Amino acid sequence: MLSKFKDMPPIPGHTFDEEQGERVMHVSLPISKETVLMGSDSNPNMGVAQMGQHISLSISVDSKEEATRIFNGLAAGGQVTMPIADMFWGAYFGMATDKFGFAWMVNYDYPKQG
């Protein structure tokens, strides 16, 4: 699903110019049968958004194979900051910045022993 601010019904006190109306109000991105990533652009009626690397997005998945697939997709055209690999805390984990400048952490927790 993809909705833009220009698609919402009028709300008193909330107006958008043409550029603001083209911003994404809601997007749903299915990643697997069980996982959906949702997001939106900033909206000037909700305050000023600061640009920069002030957040990292984290996604946890159900298998090592899914972690590898998602990590490679996010890293394509971007930059790997920590290659995906087995970690000391019992997870398969990696970090990358995608081609749009978003920082991602991809994690698969191995089943606990015992």
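Which residue in strand 7 does Phe 93 stand opposite? Asn 107 is the residue that stands opposite Phe 93. Before going on, a word on what you are looking at: this is a predicted model, in which local features need pLDDT of at least 70 and side-chain atom pairs count only at pLDDT 80 or more, while totals for chains, interfaces and linings use all residues. Residues are numbered from 1 along each chain as its sequence is written, and side-chain values use heavy atoms, with hydrogens and water left out.

First, the overall layout. The chain has two helices and seven strands, where helices (H or I, at least four residues) and strands (E, at least two) are DSSP runs numbered from the N terminus. Along the sequence they follow the pattern β-α-β-β-β-α-β-β-β.

Now back to strand 7. Strand 6 and strand 7 are antiparallel partners, with seven bridges between them; two strands count as paired if DSSP finds at least two bridges between them. Five residues lie between the strands in this hairpin, and Gly 101 there takes a positive phi near 95°. Strand 7 is also joined to strand 4, this time in parallel, by five bridges. In that pairing, Ser 58 stands opposite Met 105. Five of the seven residues of strand 7 are buried, so the strand is mostly covered, buried meaning under 20% relative accessible area, exposed over 50%, and partly exposed in between (1.4 Å probe, protein chains only).

Next, the core. A nonpolar core here is a set of buried Ala, Val, Leu, Ile, Met, Phe, Trp, Tyr and Cys residues joined through side-chain atoms within 4.5 Å. The largest one has 14 residues, and those with the most contacts inside it include Ile 59, Ile 70 and Val 106. Helix 2 (64-75), strand 6 (91-97) and strand 7 (103-109) are the elements that give two or more residues to this core. Helix 2 supplies the largest share, five residues. Ile 70 touches Ile 31, Ile 59, Val 61 and Val 106, leaving aside residues up to four places away in sequence; a contact means heavy atoms within 4.5 Å.

The other sheet to look at is an open one of three strands, in the order 1-2-3, with antiparallel pairing. Its edge strands are strand 1 (2-4) and strand 3 (36-39), each of which pairs on one side only. Strand 1 is joined to strand 2 (residues 24-30) by three bridges. Ser 3 stands opposite His 26 in strand 2.

Where does Asp 41 lie? Asp 41 is in the loop between strand 3 and strand 4 (56-60). Asp 41 touches Phe 5, Arg 23 and Val 24, again not counting residues up to four places away in sequence. Phe 5 is 36 residues from Asp 41 along the chain, yet their C-alpha atoms are separated by 9.2 Å. Is Asp 41 buried or partly exposed? Asp 41 is partly exposed, because its relative accessible area is 37%.

Last, the totals. Of the 114 residues of the chain, 27% count as buried. Among contacts between residues at least 6 apart in sequence, 35% join residues at least 24 apart. The chain exposes about 8,100 Å², and carbon and sulfur atoms supply 59% of that; accessible areas come from the Shrake-Rupley method with a 1.4 Å probe, and for residues only the protein chains shown count as cover.
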